[in-house]
Amino acid sequence: MNKTAAILFLATVASAAQFPEAQISNGAITARFYLPDAENGYYRGTRFDWSGVIYSLKTAKHEYFGQWFPKYDPKLHDAIMGPVEEFRTDNAGLGYDEAKPGGTFIRIGVGVVKKPDEPQYQGFRTYDIVDHGQWRVRPGKNRIEFQHDLRDGTGYAYRYTKRIRLEPGRPVMVIEHELKNTGRKPIVTSQYNHNFFVIDGKPTGPATHVKVPFPLDPVRAFRDDIAVAEGSRIRYNRELETGQSVFGEFRGFGPGADAYDIRVENSEAHAGVHITGDRPLSKFVYWSIRTVFSPEPYIDLSVDPGKSTGWTYRYEFLDLP
């Protein structure tokens with residue numbers, strides 16, 4: 001069985017498993033979600049926020065997300081699809097540095113997890129969840145809301161709300177977030193969207209283009225010439241083979257929210273996405289393999305006890321000539 005057939009087989013098996021899911025549509029977009037569920041959810045890892053997992057988003061002509069990984073396990077750190085998000089405090093979980101081995105810390109949007117005896121946080125490790133918190137999901141015709149309430153025994157607590165809505169009659173999706181600090185300790189974290197784009201199943205290569213509104217000044221440059229950062233653009237010299245990857249981190253963005261403006265395209269599929277946000281960037285990472293490409297924009301968040309903060313991302317799905 002070749003790689004493509006294997007991925008399609010796994011996707012069929014996953015669909016047959018009947019994970020909790022929901023669908024929203026506005027006529028221009030149909031989006032299908034896997035829902036948070038501690039027992040039967042599609043994704044039960046501890047890296048990514050469990051809400052807003054979109055395993056398919058279709059317009060009249062194109063598919064933008066889907067399974068990109070060859071191995072599925074519900075607790076695998078990256079067995080997930082869509083515009084998925086992660087929270088990090090000092091490149092770890094909330095309260096990780098304060099916790100002793102055997103104690104607990106928080107993965108926002110996941111739960112309270114147990115800290116093992118380890119020298120440092122492992123981003124790809126799946127930690128033991130000791131408290132999943134309480135999830136509420138409110139689906140509608142063209143919108144869906146996720147709410148996660150969590151409290152641990154160390155003073156951290158929050159209500160996290162994510163609303164995803166489709167603008168009437170347009171190929172536009174808006175992701176609205178609110179994080180309310182219901183504990184006694186301040187919450188300081190970063191958050192990013194991994195954006196696992198699988199546009200019409202096309203491989204990552206010369207047809208893949210990424211553009212931002214700032215000069216891509218490398219913090220960690222691409223290792224070879226498969227992909228090149230030129231000015232404010234990322235382009236590919238050749239198609240990635242299975243097992244190859246591209247990774248880089250860039251600065252060059254200014255202090256305003258206007259830097260959160262990313263355009264991704266696949267010229268062979270004649271499709272693209274224009275992403276904007278209402279917060280300044282704090283970091284910009286780019287990663288891709290043959291089956292998926294991912295611009296990863298980071299923002300910083302700080303919420304005092306009793307306070308709330310909100311932020312919004314907007315995705316416009318494009319047909320290209």
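1. The model is a predicted one, in which local features need pLDDT of at least 70 and side-chain atom pairs count only at pLDDT 80 or more, while totals for chains, interfaces and linings use all residues. Residues are numbered from 1 along each chain as its sequence is written, and side-chain values use heavy atoms, with hydrogens and water left out.

2. The count comes to 2 cavities of 30 Å³ or more, a cavity being a set of points, on a 1 Å grid over the protein atoms alone, where a 1.4 Å probe fits but cannot get out, with lining residues having an atom within 4 Å of a point. A volume is the space filled by probe spheres set on the points, which are joined across faces, edges and corners.

3. The largest cavity, with a volume of about 40 Å³, is lined by Y34, L35, P36, Y42, Y43, W50 and V53. Its lining has 7 nonpolar, no polar and no charged residues, where Ala, Val, Leu, Ile, Met, Phe, Trp, Tyr, Cys and Pro count as nonpolar, Asp, Glu, Lys and Arg as charged, and the others, Gly among them, as polar.

4. The second largest cavity holds about 40 Å³ of space, and its lining, which includes F197, K202, T204 and F293, has 6 nonpolar, 3 polar and 1 charged residues.

5. I289 belongs to strand 20 (residues 283–289), strands being DSSP runs of E of at least two residues, numbered from the N terminus. I289 counts as buried because its relative accessibility is 19%, given that buried means under 20% relative accessible area, exposed over 50% and partly exposed in between (1.4 Å probe, protein chains only). Leaving aside neighbours within four places in sequence, I289 is in contact (heavy atoms within 4.5 Å) with W68, T204, L240, Q244 and S245.

6. The structure holds 22 salt bridges, each a side-chain nitrogen of Lys or Arg within 4 Å of a carboxyl oxygen of Asp or Glu. In one of them R138 pairs with E145, the closest N and O atoms being 2.7 Å apart; R138 is partly exposed at 41% relative accessibility, whereas E145 is buried at 17%.

7. D225 and R238 also meet through their side chains in a salt bridge (3.0 Å, N to O). D225 lies in the loop between strand 14 (217–220) and strand 15 (227–230) and R238 in the loop between strand 16 (233–236) and strand 17 (245–251), so the pair ties together parts 13 residues apart in sequence.

Definitions and conventions
On a 1 Å grid over the protein atoms alone, a cavity is a set of points where a 1.4 Å probe fits but cannot get out, and a pocket is an open set with protein on both sides within 12 Å along at least five of seven lines; lining residues have an atom within 4 Å of a point. Helices (H or I, at least four residues) and strands (E, at least two) are DSSP runs, numbered from the N terminus.
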